[in-house]
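Please look at the sequence and the structure shown below, and keep both in view while reading.

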Amino acid sequence: MAMEKNGWLGLALALAVFTALPALADGVGLVKVSKGSVYIERAGKRLPAPVGTIIESSDRIVTGRDGSTGITFLDNSRMALGPGSTLAIDRFNFDQTTHEGNFDTTLRRGTLSAVSGKLAKHSPKAMTVRTRSTILAVRGTEFVVRTR
Amino acid sequence: MTPLRNMAALLTPIMLIGCATVSKDSIVLLPKADGSTGAIAATRAGEEVVLDSAYASARHVASGKLQRGTEDARKVQQEFGAAIAGMPQAPASFTLYFLTGSDDFTEQSTAVIADLLEQTRSRPFPEITVIGHTDLAGNDAENDALSLQRADKVRDMLVALGIPKESIRAVARGAREPVVATEPGVHEPRNRRVEVSVR
């Protein structure tokens, strides 16, 4: 057992330093890909969103003409936006023990690709994506949306 | 009501409709990495279109409704390329197994840890969720507590290996997600595990 423990420590020392994360307390997601101009709008402010930016529920994610971004969420859902896109996180709740909760977003303009996660797997009603005129109920899947 | 107000009452709904023009939407269902598809239900003006096969699509037509169709994979790439290319890597999952009723893990599990650390190192701003599971022996309260104990132990080990504790969450699933279906009360080693999900 002592040998094993030393083995792990050796392994840890051999690895590069892990990137430290800011506190995740309020976060529902994390920016993993950020190219060109990518912003979040939060409480009336516009903030740049480089890789490592924490996404909170009620944030709006905005990409410029040259921008694209990819985000992972707490329930292992993933979303990405193409250029000229705006996505509003309307609601995100996820109970890690029961997997109950809701994930609602609105694509106001642009293109979105999405892979659903544990919320949609637990309940076919848990995840929705809206546009101005359409509501999508996501039943455990991958898809793309464009809205104008 | 004055004639002017009557006019306003008539015009308001028309103006509202004018502002909130219907959006022009296209939705395409993609095949998953394993080839399966899942489904999506698109509802517009009270009408539902269900997409449940690879590259099934719903696109707005002049009437304002959605029309069901099937897309060419290459065209989808052209139309949605940047949004598809921006998708973050899928989470990686690792499983560590435990001895009966304890939070000591089996020897085979130590080999998995090297892979887990390598995955963590290779990702930008890695986030780790440590998910404790039990078998169906014992009651819910015991299992929730035991699964959290197992998850905490793995989290502490990962912290000792140099992963910042701020980027690790330990959560308890109790007996809610057995990998092997058994009757209640059955001891099943394959269900006594901790899953480490690396995003």
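A polar contact is a pair of N or O atoms within 3.5 Å; within protein, one atom must be able to donate a hydrogen and the other to accept it, and residues adjacent in sequence count only if both atoms are side-chain atoms. The model is predicted, so local features need pLDDT of at least 70 and side-chain atom pairs count only at pLDDT 80 or more, while totals for chains, interfaces and linings use all residues. Residues are numbered from 1 along each chain as its sequence is written, chains are lettered from A and ligands numbered from 1 in the order in which they are written, and side-chain values use heavy atoms, with hydrogens and water left out.

Chain A contains 2 helices and 12 strands, where helices (H or I, at least four residues) and strands (E, at least two) are DSSP runs numbered from the N terminus. Along the sequence, their order is α-β-β-β-β-β-β-β-β-β-α-β-β-β. Of the 148 residues in chain A, 55% are buried; buried means under 20% relative accessible area, exposed over 50%, and partly exposed in between, with a 1.4 Å probe and protein chains only. Chain B has 4 helices and 9 strands, in the order α-β-β-β-β-β-α-β-α-β-α-β-β. Buried residues account for 42% of its 199 residues.

One residue of chain A illustrates burial. A:T69 is found in strand β6 of chain A, and its relative accessible area is 0%, which means that A:T69 is buried. The side chain of A:T69 reaches the backbone oxygen of A:V33 at 2.8 Å. Leaving aside residues up to four places away in sequence, A:T69 touches several others, among them A:V31, A:I61, A:M79 and B:G86; a contact here means heavy atoms within 4.5 Å.

Which residues have a positive phi although they are not glycines? One of them is A:N76, with a phi of about 75 degrees. A:N76 lies in the loop between β6 (68-73) and β7 (78-81) of chain A and is buried, with a relative accessible area of 15%. Another is B:F125, with a positive phi of about 45 degrees; this residue lies in the loop between α3 (108-122) and β7 (128-132) of chain B.

On a 1 Å grid over the protein atoms alone, a cavity is a set of points where a 1.4 Å probe fits but cannot get out, and a pocket is an open set with protein on both sides within 12 Å along at least five of seven lines; lining residues have an atom within 4 Å of a point. Grid points are joined across faces, edges and corners, and a volume is the space filled by probe spheres set on the points.

The largest pocket holds about 790 Å³ of space. Its lining has 28 residues, and A:N76, A:S116, A:G117, A:K118 and A:K121 lie nearest its centre. The elements giving two or more residues to this lining are α2 (118-122) of chain A together with β6 (92-97) and β9 (193-198) of chain B. β6(B) gives the most, with 4 residues.

A search of the whole structure finds 1 cavity of 30 Å³ or more. The largest cavity contains about 40 Å³ of space and is lined by B:R44, B:E47, B:V49, B:K65 and B:L66.
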